[in-house]
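Work through the exercises below with the sequence and the 3D view side by side. Try each task before reading its solution.

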Amino acid sequence: MEALKIYKPADIEKLISKRKGEVKFGEKVQFVSSLDELKNTSAQYVLLGIPEDIGVRANHGKPGTSKAWKSLLGALINIQVNRFNDPNKLLLLGELECKGFMQKAANIDTTDPNYLLKLGDLVKEIDQMVAELIEIIISAGKIPIIIGGGHNNAYGNIKGAAKATNAPINIINIDAHTDLRQLEHRHSGNGFSYAIEGQFLCKYSVFGLHKNYTPEYIFKEMDFSENLEFLLAEELLQFPDELNRRFQKCIENIDDSKFGFELDCDAIADFPSSAKSPSGFSINQIRNFINMISKNENCAYFHICEAAPDEMSTGQVGKTLSYFVSDFIAE
Ligand SMILES: N=CN[C@@H](CCC(=O)O)C(=O)O
């Protein structure tokens, strides 16, 4: 696959800050030189970056999600290898080459009446690459961990996972938004609508939805479908002691077959993301949810998206996402 930049140890070497007597994650993480080698590695998890924000732009959102991958990478490869962190479990695959698409998006005149449609066409091209790659990774018996990028990439994840497992898959999405917007041009707000339309998505549960940002037509659509459910952040956060039990119940409702796990960082209060909000879950609450889901054998992939670090926040964003990844792959 041409659009994939497969990483070699030399690609991350300079980012590792080595110390005598210590071993950093990036020194021991696994690599492959081709996708064919995936099935022969002992690593259970495959890490992939999608450094784009075209879907967010096409959804009138705040760009910057293209920078999350580098933030995560710099932090993750510098965590300590110890009794809790085993780098053999993780294969650092690399990144989808998004520079060309990002350049094309930047060249479209924002006053062009077809500006959003043209961005949507680029999103469709990315969709295709994401779907192909996720299908390959899951078919090789691995669990992809995808760092976006916008939430538009949920569509490619779901399509790829459904094709690999030969059935529509279920989804748990921790998110302030449903992303069930209309089937207009492709963008970060309609990935799940397109996944339903393509018959790649079966049961869909949104955990932590914000009432203020969900249009009534979407609430009605969810009321009418037995496959769509939501739990409002407003209700969940009233009873913090009940949160884990509620999340466990949510998992039990969808883990009767293979499911994908989506985490939109705008569900976290005050977190640098494309739709940052002062209200939402704490980082530690999210870590608890990740711990609960990571133990589930039906979890087919984990997608962390919409983090949008700037220069000031890149260190903290990188550390937060690396907690999420290391929690997910822990025993
Ligand atoms: N993936 C994000 N989707 C949200 C974005 C909202 C925003 O940028 O304010 C949505 O379409 O509702």
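**Exercise 1.** Decide whether strand β9 is enclosed or open to the outside, and find its partner strands.

Solution. Step 1: seven of the seven residues of β9 (residues 299-305) are buried, so this strand is largely enclosed by the rest of the structure. Buried means under 20% relative accessible area, exposed means over 50%, and partly exposed lies in between (1.4 Å probe, protein chains only). Strands (E, at least two residues) and helices (H or I, at least four) are DSSP runs, numbered from the N terminus.

The model is predicted: local features need pLDDT of at least 70 and side-chain atom pairs count only at pLDDT 80 or more, while totals for chains, interfaces and linings use all residues. Residues are numbered from 1 along each chain as its sequence is written, and side-chain values use heavy atoms, with hydrogens and water left out.

Step 1: β4 (residues 143-147) pairs with β9 in the parallel sense over three bridges; two strands pair if DSSP finds at least two bridges between them. Here I146 stands opposite H303. Step 3: β8 and β9 also run parallel, joined by six bridges, and L263 stands opposite I304.

**Exercise 2.** Describe the surroundings of N173 and F207.

Solution. Step 1: N173 is in strand β5 and is buried, with a relative accessible area of 0%. Its side chain makes a polar contact with the side chain of Y204 (2.9 Å). A polar contact is a pair of N or O atoms within 3.5 Å; within protein, one must be able to donate a hydrogen and the other to accept it, and residues adjacent in sequence count only if both atoms are side-chain atoms.

Step 1: F207 lies in β6 and counts as buried because its relative accessibility is 0%. Leaving out residues up to four places away in sequence, F207 touches residues including N173, L231 and F281. Contact means heavy atoms within 4.5 Å. Step 3: 23 residues separate F207 and F230 along the chain, yet their C-alpha atoms are 5.9 Å apart.

**Exercise 3.** Which residues have polar side-chain atoms at the distances of 2.9 Å, 2.8 Å and 2.6 Å from the ligand?

Solution. Step 1: a polar side-chain atom of N59 is 2.9 Å from an oxygen atom of the ligand. Step 2: a side-chain N or O atom of D179 lies 2.8 Å from a ligand nitrogen atom. Step 3: a side-chain N or O atom of R181 lies 2.6 Å from an oxygen atom of the ligand.
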